[in-house]
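Work through the exercises below with the sequence and the 3D view at hand. Each task is followed by a worked solution.

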Amino acid sequence: MAGRPMKTSTADDRILSIIKKNPQTAGRQIRNILQELGVDSSMTTVCRILHEQKYRGYTARCKPLVSRINRMARLLFAKKHLKEQPQFYEKVLWTNETKMNLYQCDGKSKV
């Protein structure tokens, strides 16, 4: 390869060790860590090294949070208690503070 030699040969190992410890570390955080260690590198350099090493940002797949087994158990519980007397439900503590997502996640998370 022609041109000026790369400045980051020692920084490559540091960047990769940071990523291996915590794969969800952002490029900006890596640059800040390197600056604290005395290595002067730009954001572009950090991103280029990550791309060369096949580290790319992926978004976690949204999947059903309720498995097929849990769905069947809930359905069985509901059918079992469908014809209960009203006195049975007087002992139940009703609350609306539980949030459940059956098929969608709330947002994207990087993995």
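**Exercise 1.** Find the partner of Glu52 in a salt bridge, and describe how the two residues are placed.

Solution. The side chains of Glu52 and Arg48 form a salt bridge, with 3.1 Å from N to O. The term stands for a side-chain nitrogen of Lys or Arg within 4 Å of a carboxyl oxygen of Asp or Glu. The model is predicted: local features need pLDDT of at least 70, side-chain atom pairs count only at pLDDT 80 or more, and totals for chains, interfaces and linings use all residues. Residues are numbered from 1 along each chain as its sequence is written, and side-chain values use heavy atoms, leaving out hydrogens and water.

Next, locate the pair. Both residues lie in helix α3 (residues 43-52), four residues apart, so about one helical turn separates them. Helices are DSSP runs (H or I, at least four residues), numbered from the N terminus.

Glu52 is partly exposed at 44% relative accessibility, and Arg48 is partly exposed at 32%. Partly exposed lies between buried (under 20% relative accessible area) and exposed (over 50%), with a 1.4 Å probe and protein chains only.

Last, count. The whole structure holds one salt bridge.

**Exercise 2.** State where Asn32 sits and how far its C-alpha atom is from that of Met43.

Solution. Asn32 belongs to helix α2 (residues 27-36). With a relative accessibility of 34%, Asn32 is partly exposed. Met43 is eleven residues from Asn32 along the chain, and their C-alpha atoms are 9.4 Å apart.

**Exercise 3.** Which helix contains Phe88, and is Phe88 buried or partly exposed?

Solution. Phe88 is in helix α5 (residues 86-90). Its relative accessible area is 32%, so Phe88 is partly exposed.

Technical notes. Helix = DSSP H or I, 4+ residues; strand = E, 2+ residues; numbered from the N terminus.
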